[in-house]
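Subject: The model I promised you

Hi there,

Here is the structure for you to explore. Please open it first, and then read my notes with it beside you.

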Amino acid sequence: MNKSRQLSLFCVAALCAAVVSVQSAFGLDSSGNIPKTEEQREVRLISMTHQYDLNPHTANYTSEAQVLSGLYEGLFSYDPLTLEPRNALCTSYKISRTKKRWTFTLREGACFSTGEPITAATVRDSWLRLLATPNAPYSSLLDFIEGARNFRTGKGIKEDVGISVRNDRTLVVHLEEPAEHLPRILCHHAFSIVSSKPNSYSGPFTLKSYKNNTLVLAKNPKYYDAASVVIPGITISLSDDLEENAYQFNTGNADWITEGNALVSKIINTDAIHVAAEFGTYYLFFKMGNSIWNNPEFRSALLEAIPYDSLRKNITVPATTLVYPLPEYPNVPGIDDYDTDDAIAMMNKAREHAKIPYDQKLTLTFAITDTDFMKDLAAQLKTAWEPLGVELVVETTTMEQYNTQIANWNADLFSYSWIGDFADPLAFLELFRSDSSLNVAKYDSKLFDEYLLNASRADTTDEHYLYLSKAEKLLLDESMIIPIYHPISMHLIDLASVGGWQTNALDLHPFKYLYIKHQTSSLPNLVRFTK
């Protein structure tokens, strides 16, 4: 999913993950006791100013995913620590010998916040509406279901989609190809169970109000696991005033500030600052259009000229590949070598093959956000590519509008900050599958698609990873992307006061598990803060 903003780039001595007791994932305090009911109150959160899309089918930002984790739930949900799928509205499932038929058993008595029952038919209808939504970014992740791709692209009808209802509690899904990662995909908010009726929620909370840059969530008493939700609600204030946000945190008026959205130098309790590497990558990509930059020969010459040590200077976690390294994932040679003379020779050879004169100026349009970081990056590329006879033309827009403009923007090079939606390299590689709804680059490679298909058919994780690594290597060999860095997450939250919050690689912290810890200190909360 898209990261809603880039964290300021700064040097961190070490990336640290908070050490959290497994007990807190189950709503227990440090002593192993259920938190005292009388001590529970709403959790107060400050997040960045953003117009939140709270439709799970179309939402595309990490900040929205965080809120949606509280409002909706699907067959599975993320474990807050390991990110492995947990049974949610699904209590069990079985897979046929061919691995192409999945049978899910749904939770008995589950319902929306309005009291409307959640049945197998509800799940089927929710997924069909997702597939029928033109601007649903994640709908193509269901393309392995029989008939889903054709229905999604307007070439088929919903009756031919391989999702059938056996009875109220039994859903049967027929796949065109095996998909061992299906439960991990179904944790994502896009596949939550959504009612056709407004203001109806399947998750642990409901949206009480959204106005004046404030979202108020209240506990959903009809949620199937309401007994495990101990806080009465959550208030989310949207503010980009970094100094004021720090003041609110220091004075106890905010329990949690997301995405480093405060003046960190003013934070008094430095133990409340949690920094971690994310399963994500910030990169540049070429968008396929009617230009010479469709040709990998020309793109490879450009990449050979980039001074990567300068481009990635002062980056906390530099990236040379698209996929953030995972245990057991094969090593894929990254992009970090450069030589200007070699780049000029490669460009001249590409011109010769394309019958383009050596002295003809080539134009490349780079679409960027109006930030200092992107302007500096563009200036470095402009300098690097001038000896190749390439003129870099820069066009800008705001961060708020950038991602929505990519599809219709007539430019050659764009930037993306992508956080994996599930713990599998496919979460990145799906962005370049030819008919993926996430493929804003318009990349089209039969070999790349074949590698992804073979990965889905693999019998073992090793084989699955092997084919995915081949796909990633092809993407890098064809110079489709320029990796810049792996993002880091920063949150301000005092884990001595708030429990149930876990550091994890997807930077997703399900609201369901939050609770207020019992405070034993007799010292008054006196804070002096100077603006």
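**The open sheet**

Strand 9 (residues 214-219) and strand 10 run antiparallel and are joined by 5 bridges. Within this pair, V216 stands opposite T235 in strand 10. Two strands are said to pair if DSSP finds at least two bridges between them; helices (H or I, at least four residues) and strands (E, at least two) are DSSP runs, numbered from the N terminus.

A quick word on the source: this is a predicted model, in which local features need pLDDT of at least 70 and side-chain atom pairs count only at pLDDT 80 or more, while totals for chains, interfaces and linings use all residues. Residues are numbered from 1 along each chain as its sequence is written, and side-chain values use heavy atoms, with hydrogens and water left out.

Strand 10 also has a parallel partner: 5 bridges join it to strand 1 (residues 43-47). There, I46 stands opposite S237 in strand 10. Is strand 10 (residues 233-238) mostly covered or mostly open? Mostly covered, as 5 of its 6 residues are buried. Buried means under 20% relative accessible area, exposed means over 50%, and partly exposed is in between (1.4 Å probe, protein chains only).

These strands belong to an open sheet of 7 strands, with mixed pairing and the order 8-9-10-1-11-18-12. Its edge strands, which each pair on one side only, are strand 8 (205-211) and strand 12 (273-277). Strand 11 (residues 256-257) and strand 18 (residues 488-493) run antiparallel and are joined by 2 bridges, with W256 opposite I493 in strand 18.

In the loop between strand 11 and strand 12 you will find G260. G260 counts as buried because its relative accessibility is 16%. Although G260 and I488 are 228 residues apart along the chain, their C-alpha atoms are separated by 10.0 Å.

**A hairpin**

Now look at strand 4 (residues 90-95) and strand 5 (residues 101-106), an antiparallel pair joined by 5 bridges. I95 stands opposite W102 in strand 5. The hairpin has 5 residues between the strands, and K99 takes a positive phi near 65° in it.

**Two buried spots**

Where does H509 sit? H509 is in the loop between strand 19 (498-499) and strand 20 (515-516). With a relative accessible area of 3%, H509 is buried. Its side chain makes a polar contact with the side chain of D507 (2.9 Å). A polar contact is a pair of N or O atoms within 3.5 Å; within protein, one must be able to donate a hydrogen and the other to accept it, and residues adjacent in sequence count only if both atoms are side-chain atoms. Leaving out residues up to four places away in sequence, H509 touches Q66, S69, W256, H491, W501, Q502, T503 and N504. Contact here means heavy atoms within 4.5 Å.

Helix 6 (residues 296-304) is largely enclosed by the rest of the structure, because 7 of its 9 residues are buried. Those buried residues are F298, R299, S300, A301, L302, L303 and E304.

**Empty space**

Rolling a probe the size of a water molecule over the atoms shows where empty space is left. On a 1 Å grid over the protein atoms alone, a cavity is a set of points where a 1.4 Å probe fits but cannot get out, and a pocket is an open set with protein on both sides within 12 Å along at least five of seven lines; lining residues have an atom within 4 Å of a point. Grid points are joined across faces, edges and corners, and a volume is the space filled by probe spheres set on the points.

How many cavities of 30 Å³ or more does the structure hold? There are 5, and the largest cavity has about 240 Å³ of space. Its lining has 18 residues, with S69, Y72, S77, Y78 and C187 nearest its centre.

The largest pocket has a volume of about 810 Å³. It is lined by 31 residues, and N135, A136, P137, S437 and V440 are the closest to its centre. Helix 10 gives the most to this lining, with 3 residues.

Enjoy exploring!
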